[in-house]
Amino acid sequence: MSSPSSILIVGAGQAAAVAVAALRGHGYSGRISLVGDEAHPPYERPPLSKDLLVAASPDTEPAISVKPAGFYEESQVDLKLGLSVTHLDTNGKVAALSDGSTVGFDKCLLATGGLARTLPDFPETAPNVFYLRTLDDARHLRAAMQPGKHVVIIGAGFLGLEIASTALGKGLTASVIEYAPRALARVVPPEFSGWLEAQAARAGATLHLGQAAREVVAPAASQGAWQLTLNNGTVLSADLVVVAVGLTANTALARDASLSVDTQNGGIVVDSQCRTSHGDIFAAGDCTSQIRDASGAGMRLESWQNANEQARIAAAAMLGETAEPAAYPWFWTDQFGHNIQMLGLPQAGLRYVTRGDTSGGATPAKFIMVGLLDNIPVHAIAVNAGGDLRALRPVFESRLAIDPSQFTDTSVTVRAFAKQVLAQATPVSPA
C-alpha cells in the first residue's frame with residue numbers, strides 16, 4: 001500500500017492532536033491539514049468542569065493544550081482554526097470549508113467529537129443558561145459562578161456532579177435534578193450510587209432524584225431567577241441553570257457524506273481499525289460507534305482514553321500499518337474530594353464485591369468495587385485507590401477468574417493479590 005500524499009483531519013480536539021503526533025511518529029512526511037471550528041488549538045476537555053472553572057482569571061488557568069506551543073508548526077501541520085468543513089466529497093476527495101476554500105486529501109480522519117444535548121425548556125441563548133462543552137463555554141460559566149448564587153444542574157451524570165462539586169467549592173449552593181432514580185444509574189451499581197449520593201449531600205449538594213422540571217418559568221429580566229417546579233411539587237429558584245444531560249455524536253458531516261451511522265446510538269460506524277464505511281475515511285473519538293464485545297452491538301465510548309486510543313489506531317491504519325489493540329477501557333473523575341477511577345465497562349448481570357470500607361468511617365475513603373461475571377472481573381470502580389487499580393489491570397486484561405473472598409481480604413495487598421492470580425494462571429517453568 002502506497003503512503004497517502006495528503007491527510008485531512010476534521011476536528012481539533014484530543015483525537016486530532018494525538019493523530020497528528022502518531023502520523024509523524026510513524027514517519028509520515030506527507031501533508032497534514034487540520035480543520036477545527038474553535039479558535040483554540042486542540043485542548044484537554046476533562047479540566048473544563050474542574051480546574052478551569054476554579055481558576056481566578058484567564059491568567060491563572062491551567063495549561064490544557066494537548067500539545068505544547070509550536071508543536072503544529074514543528075510538525076508541519078496546516079492548521080486551520082475557526083473554520084468548519086461544510087461538505088465532504090468522498091469521491092473527489094475534496095473538503096469544502098466555511099470560508100469558501102477547499103482542501104484535497106487522500107485519506108481523511110473525522111474527529112468531530114460530540115455536541116451537548118440540549119433541552120427545549122433551556123435554550124442555549126437564554127439568560128443564565130449554560131451548556132459546558134468548550135473552553136469558551138467554561139469561561140462563560142466561570143464568570144457567572146459567583147459565591148452565594150444558587151446553581152441548578154440538570155443531570156446527575158459525571159459532568160453534572162463535577163460541576164456541582166466545583167460550584168460548592170467556589171461558594172455557591174448547588175441543586176442537582178436527575179430524572180433517573182439514582183446518580184450515574186447507567187454506569188455504576190446501586191451500592192456505588194448510594195455512596196456517591198451521600199458524599200454529594202455531605203459536601204452540601206441537594207439531589208432531586210427521580211425528578212424532572214414539570215414547569216419552567218424563565219426570568220423576566222437578564223439578572224432574574226429561573227423558577228423550576230419539579231414533579232413532586234418542589235419549587236427551585238435558580239440564579240444559574242447548567243444543563244448536563246449528555247452528548248450527541250457530531251455526525252452531520254458524516255451523514256452528508258453518506259457514511260454509515262449507527263441507528264441505535266447515532267455514532268459513525270467504524271471497524272477495529274477505525275475505518276468507516278468508506279475505505280479512505282476514518283473516524284476517532286466521541287463521534288464513533290464501535291463493536292467492543294461479543295454482543296455485536298455498537299457502542300459509543302466518550303472518554304479521554306478512547307480518543308487517544310482510536311486516534312493512534314486510525315493513524316496507523318491510514319498508513320497501511322497495524323497498531324497495538326486499544327488498551328482496556330479506563331475512565332476517571334474528581335468530585336466531592338474524591339478521585340474515582342473505573343476500569344472496564346459495566347454490563348448487565350455483574351455481581352459486585354467490595355474491598356475496603358464504604359461506610360464513611362475511613363477518611364479519606366479508600367475502596368474498590370469489582371463487578372464479576374462467573375468470577376471473572378469485568379468492571380471496577382476505585383475510590384482514592386488508583387495505584388491498586390493499576391495493579392489489577394493485568395488480571396482484567398487476561399480475563400482471569402478470581403476468588404472473591406481473597407480479593408476482599410485486606411490483610412493482603414492488592415498488588416500481592418494480583419501477582420498471585422497472575423502466577424497461578426501462568427505457572428513458572430522449573431529452572
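**Questions on a predicted structure**

Q: What is the relative accessible area of Cys274?
A: In this predicted model, Cys274 is a buried residue. A residue counts as buried when its relative accessible area is under 20%. For Cys274 the value is 0%.

Q: How far is the sulfur of Cys274 from the closest cysteine sulfur?
A: A disulfide is a covalent bond between the sulfur atoms of two cysteines. Two cysteine sulfur atoms must lie within 2.5 Å to count as such a pair. The closest cysteine sulfur to that of Cys274 belongs to Cys287, and it is too far away for a bond. The separation is 9.5 Å.

Q: How many helices and strands does the chain have?
A: Both kinds of element occur in the chain. The counts are eleven helices and 26 strands.

Q: What radius of gyration does the chain have?
A: The chain has 431 residues, and a compact globule with that number would have a radius near 22 Å. The value for the chain agrees with this expectation. Along the principal axes, the C-alpha atoms fill a box of roughly 80 × 60 × 40 Å. The radius of gyration of the chain is 23 Å.

Q: What share of the residues of the chain count as buried?
A: The accessible surface of the chain comes to about 19100 Å², and 51% of it belongs to carbon and sulfur atoms. Burial is a separate count, made over the 431 residues. The buried share of those residues is 51%.

Q: Which residue forms a salt bridge with Lys107?
A: Lys107 lies in strand β7, and its partner lies in the loop between β18 and β19, 173 residues apart. The closest N and O atoms of the pair are 2.5 Å apart, and Lys107 counts as buried at 10% relative accessibility. The partner also meets Lys93 in a salt bridge of 2.8 Å, N to O. This residue is Asp280.

Q: How many residues apart in sequence are the parts that Asp286 and Arg133 tie together?
A: Asp286 and Arg133 form a salt bridge whose closest N and O atoms are 3.0 Å apart. Asp286 is buried at 13%, and Arg133 is buried at 15%. Asp286 lies in the loop between β19 and β20, while Arg133 lies in the loop between β9 and α4. The parts tied together are apart in sequence by 153 residues.

Q: How many salt bridges does the structure hold?
A: Salt bridges also link Glu61, Arg139 and Arg142 in a network. The total for the structure is 13.

Q: Near what value is the phi of Phe336?
A: Most residues other than glycine have a negative phi. Phe336 has a positive phi although it is a residue other than glycine. Phe336 lies in the loop between β22 and β23 and counts as buried at 11% relative accessibility. Its phi is near 50°.

Q: In which loop is Asn128 found?
A: Asn128 is a residue other than glycine with a positive phi, near 60°. Asn128 is buried, with a relative accessible area of 15%. Its place is the loop between β8 and β9.

Key: Residues numbered from 1 in each chain as written. Predicted model: local features only at pLDDT ≥ 70, side-chain atom pairs only at ≥ 80, totals over all residues. Heavy atoms only, no water. Buried < 20%, exposed > 50% of the residue type's maximum accessible area, 1.4 Å probe, protein only. Salt bridge = Lys/Arg side-chain N within 4 Å of Asp/Glu carboxyl O. Helix = DSSP H or I, 4+ residues; strand = E, 2+ residues; numbered from the N terminus. Rg over C-alpha atoms; globule rule 2.2 N^0.38 Å. Areas by Shrake-Rupley, 256 points an atom, 1.4 Å probe, with all protein chains shown as cover.
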